[in-house]
Amino acid sequence: MSMSHQQKSDPTNPWIFALELGYFAGLIWGGARWLMYTLHFTKVIPGFLAEPFFKHDFLVTAAGHLLGYLFFIGFSVVMSLLYVLILRKLKGPWPGMLYGVLWWSALFLAGSQLFLMQRPFRLPWNSIISEFCLFLLWGLFIGYTAAIEYTDERKREQTTRLA
């Protein structure tokens, strides 16, 4: 093939990519968190990340829910930047899933007093399991999207699909 027929691929800017990835991770999974709360899958309020900065009475209002959604988007942007800058070369879905579990552990176990205003495992089991699964999928979204972009996962996906 001549040079004109080959696609030149500019390397993806990790900063821009991480910002976009984090925004969409927060938008999608923050929306899922709000829906889980609304459908009573979890008792953890949507604004739990804002708990150290705002009064709990405010965070249970509609405006508090919106603020919590925005905090989750901001949290996702920062955590996506961290993942893309440090772990983007890891392949497959497992690193992202472990990343999600790590952040669930940090927030719901280590940070339980700060963010949930209670000791760990004081939540009902359906809340614990629902939040764990959400963070697992959130981490999978961030990690696997980064793997597709920065490793040869895209080529592997195409050859698997063709076979």
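Predicted model: local features only at pLDDT ≥ 70, side-chain atom pairs only at ≥ 80, totals over all residues.
A residue counts as buried when its relative accessible area is under 20%, as exposed when it is over 50%, and as partly exposed in between, using a 1.4 Å probe and protein chains only. Leu 59 is therefore buried, at a relative accessible area of 0%. Residues are numbered from 1 along each chain as its sequence is written, and side-chain values use heavy atoms, with hydrogens and water left out.

Now for the overall layout. The chain has seven helices and zero strands, counting as helices DSSP runs of H or I with at least four residues and as strands runs of E with at least two, numbered from the N terminus. Read from that end, the elements go α-α-α-α-α-α-α. Of the 163 residues, 40% count as buried. Taking contacts (heavy atoms within 4.5 Å) between residues at least 6 apart in sequence, 70% join residues at least 24 apart.

Back to Leu 59, which sits in helix 2, residues 56-59. Leaving out residues up to four places away in sequence, Leu 59 touches Ile 45, Gly 47, Ala 50, Glu 51, Phe 54, Gly 64, His 65 and Leu 67. Pro 46 is 13 residues from Leu 59 in sequence, and their C-alpha atoms are 7.9 Å apart.

Helix 1 (residues 14-38) packs against helix 6 (residues 125-150) at an angle of about 155°, with the axes 10 Å apart. Here axes are lines fitted to C-alpha atoms, for helices over the stretch in contact, and angles run from 0 to 180 degrees between N-to-C directions. The two helices are therefore roughly antiparallel, since that word covers angles over 145 degrees, while under 35 is roughly parallel, 65 to 115 roughly perpendicular and the rest oblique. On the helix 1 side the contact includes Phe 17, Leu 21, Trp 29 and Arg 33, and on the helix 6 side Glu 131, Trp 138 and Tyr 150 are among the residues involved. By class, this contact has 16 nonpolar, two polar and three charged residues; Ala, Val, Leu, Ile, Met, Phe, Trp, Tyr, Cys and Pro count as nonpolar, Asp, Glu, Lys and Arg as charged, and the others, Gly among them, as polar.

Helix 3 and helix 4 pack at about 135°, with their axes 12 Å apart, which makes helix 3 oblique to helix 4. In this pair, Phe 75, Met 79, Leu 82, Tyr 83 and Leu 87 of helix 3 meet Pro 95, Gly 96, Tyr 99, Trp 103 and Leu 107 of helix 4. Nine of these residues are nonpolar, one is polar and none is charged.

Helix 3 also holds Ser 76, which counts as buried because its relative accessibility is 0%. Apart from neighbours within four places in sequence, Ser 76 is in contact with Gly 22, Ala 25, Gly 26, Trp 138 and Ile 142.

That leaves the core. A nonpolar core is a set of buried Ala, Val, Leu, Ile, Met, Phe, Trp, Tyr and Cys residues joined through side-chain atoms within 4.5 Å. The largest one has 35 residues, and Phe 48, Phe 72, Phe 75, Leu 107, Phe 108, Phe 135 and Trp 138 touch the most other members. Helix 3 gives this core its largest share, eight residues.
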